[in-house]
Amino acid sequence: MISVKNLSKKFGDIVVLRDINANINKGEVISIIGPSGTGKSTFLRCLNLLETPSGGSISIDGIDLLGKETNVPKIRQRMGMVFQSFNLYAHLTILENLTIGPIKLLKKKESDANKKAMELLKLVGLAEKAYNFPDELSGGQKQRVAIARCLAMECEIILFDEPTSALDPTMVSEVLSVIRKLAKEGLTMLIVTHEMEFAKNISSRVFYMDEGIIYEEGTPEQIFENPQQEKTRAFIHRVRSMYYNISSSNYDLYKLQGDIARFCEKHVISQKTSEYAQMLAEEVIVMQKDYSDINIILSYSEKEGTLVLTCESGGEQYNPLEDEFHEIAVMIIKGRCKSVEYSFSEGKNVLTLGIKNE
């Protein structure tokens, strides 16, 4: 139904989308996830030409959206968009917000438009609010009206741009419930969202966007249970990391310990666990043979609540855990960690410590 090839978008010298390629079938529900600032909303806005692409092509049922002869307003009528901020007309009643488009653009009779609008308001649970004004509704109710307004235009595709991001957490579920209902009715939908459980449960496919491209795509099971790319894994598990590079034995231990303390404080990790991490970092560094290139990486998974310290070092293969000279250090490390693993990969000695969280 939708075919996107080599889509790119620049704002001046800033490249937001680099090379987007996607095919979306009729009736699919695509959730688009990824860090902020990676082009997710811009991708949606390019699909209905709210932003003009800098390059590439978009076609809807074989019609080139960027072609000179294409009737863009007519194509747009097939593709509704629900924004973060509702965009309702404040001076019109809820019923009038739903009927103004069908009457003026689709040339429907007022009676027919009113009848359809009331059916849609019942669908989203707001028939009793038909004669209220937007300011009299909660954020969740306004967003449900915005969804009904899209449906009133008889669109076949709905683009949702973070439809719950402006809502109080107590109102999120009512909007997501309406979107679930629409998914069951076979509408084609693309949803930019930060609601991971929702995306996992509703989607036929998930796009993970990063660096201005669709970095990884697959079924919800593939993306959420077995992501193939490192950045996808980090995002899904909400992994936050700090890095510290050591290039000589004269490294600044106190700065490293200070960075670890600040990282732990930022992510509400206990003082005791922070002290463990600082001590363990010092121990694993002392155990290294080559100080010319050591990377200390501290990673915290918000989803799992786990803290992992990784030490990567260059040079010849060397497992410090098997060196009798470090027997006491190894005992200390094992006493403070849930797991201790050594590996040698791509010329790197890697020591990975799963720190006990206390």
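Student: How many bridges join β14 to β15, and which way do the two strands run?
Tutor: There are 8 bridges between β14 and strand β15 (residues 348–355), and the strands run antiparallel. Two strands count as paired if DSSP finds at least two bridges between them. Helices (H or I, at least four residues) and strands (E, at least two) are DSSP runs, numbered from the N terminus. Before we go on: this is a predicted model, where local features need pLDDT of at least 70, side-chain atom pairs count only at pLDDT 80 or more, and totals for chains, interfaces and linings use all residues. Residues are numbered from 1 along each chain as its sequence is written, and side-chain values use heavy atoms, with hydrogens and water left out.

Student: Ok. Which residue stands opposite serine 339?
Tutor: Glycine 354, in β15.

Student: What sheet do the strands belong to, and in what order?
Tutor: An open sheet of 5 strands, with antiparallel pairing, in the order β11-β12-β13-β15-β14. Its edge strands are β11 and β14 (337–345), each of which pairs on one side only. From one strand to the next the twist averages 15°. Angles run from 0 to 180 degrees between N-to-C directions, and axes are lines fitted to C-alpha atoms, for helices over the stretch in contact.

Student: Which strands does helix α10 lie across?
Tutor: Helix α10 (residues 253–266) lies across β11, β12 and β13, and runs at about 175° to β11. Helix α12 (residues 327–336) also packs on the sheet, touching β14 and β15, and its direction makes about 120° with that of β14. Contact here means heavy atoms within 4.5 Å.

Student: New topic. How many salt bridges are there?
Tutor: The structure holds 16. A salt bridge is a side-chain nitrogen of Lys or Arg within 4 Å of a carboxyl oxygen of Asp or Glu. One of them joins arginine 144 and glutamate 174, with the closest N and O atoms 3.0 Å apart. Arginine 144 is in helix α5 (residues 139–152) and glutamate 174 in helix α6 (residues 169–184), so the pair links distant parts of the chain, 30 residues apart.

Student: Is arginine 144 buried or exposed?
Tutor: Arginine 144 counts as buried, because its relative accessibility is 12%. Glutamate 174 is at 23%, so this residue counts as partly exposed. Buried means under 20% relative accessible area, exposed over 50%, and partly exposed in between (1.4 Å probe, protein chains only).

Student: And what does glutamate 225 meet in a salt bridge?
Tutor: The side chain of lysine 200, at 2.5 Å, N to O. Glutamate 225 lies in helix α8 (residues 220–225) and lysine 200 in helix α7 (residues 196–202), so this pair ties together parts that are 25 residues apart in sequence. Glutamate 225 is exposed at 52% relative accessibility, while lysine 200 is partly exposed with a relative accessible area of 28%.

Student: Now the pockets. Which residues lie nearest the centre of the largest pocket?
Tutor: Glu230, Ala234, Val239, Ser241 and Ser299, out of 24 lining residues. The elements that give two or more residues to the lining are α9, β11, β12 and β13, and the largest share, 5 residues, comes from α9. About 760 Å³ of space lies in this pocket.

Student: What is a pocket, and what is a cavity?
Tutor: On a 1 Å grid over the protein atoms alone, a cavity is a set of points where a 1.4 Å probe fits but cannot get out; a pocket is an open set with protein on both sides within 12 Å along at least five of seven lines, and lining residues have an atom within 4 Å of a point. Grid points are joined across faces, edges and corners, and a volume is the space filled by probe spheres set on the points.

Student: How many cavities of 30 Å³ or more does a search of the whole structure find?
Tutor: The search finds 1. The largest cavity has a volume of about 30 Å³, and its lining includes Gln288, Cys311, Tyr342 and Leu351. β15 gives the most to that lining, with 3 residues.

Student: Last one: what joins β1 to β2?
Tutor: Strand β1 (residues 2–11) and strand β2 (residues 14–24) run antiparallel and are joined by 7 bridges. Phenylalanine 11 stands opposite isoleucine 14 in β2. Their hairpin has 2 residues between the strands, and glycine 12 takes a positive phi near 70° there.
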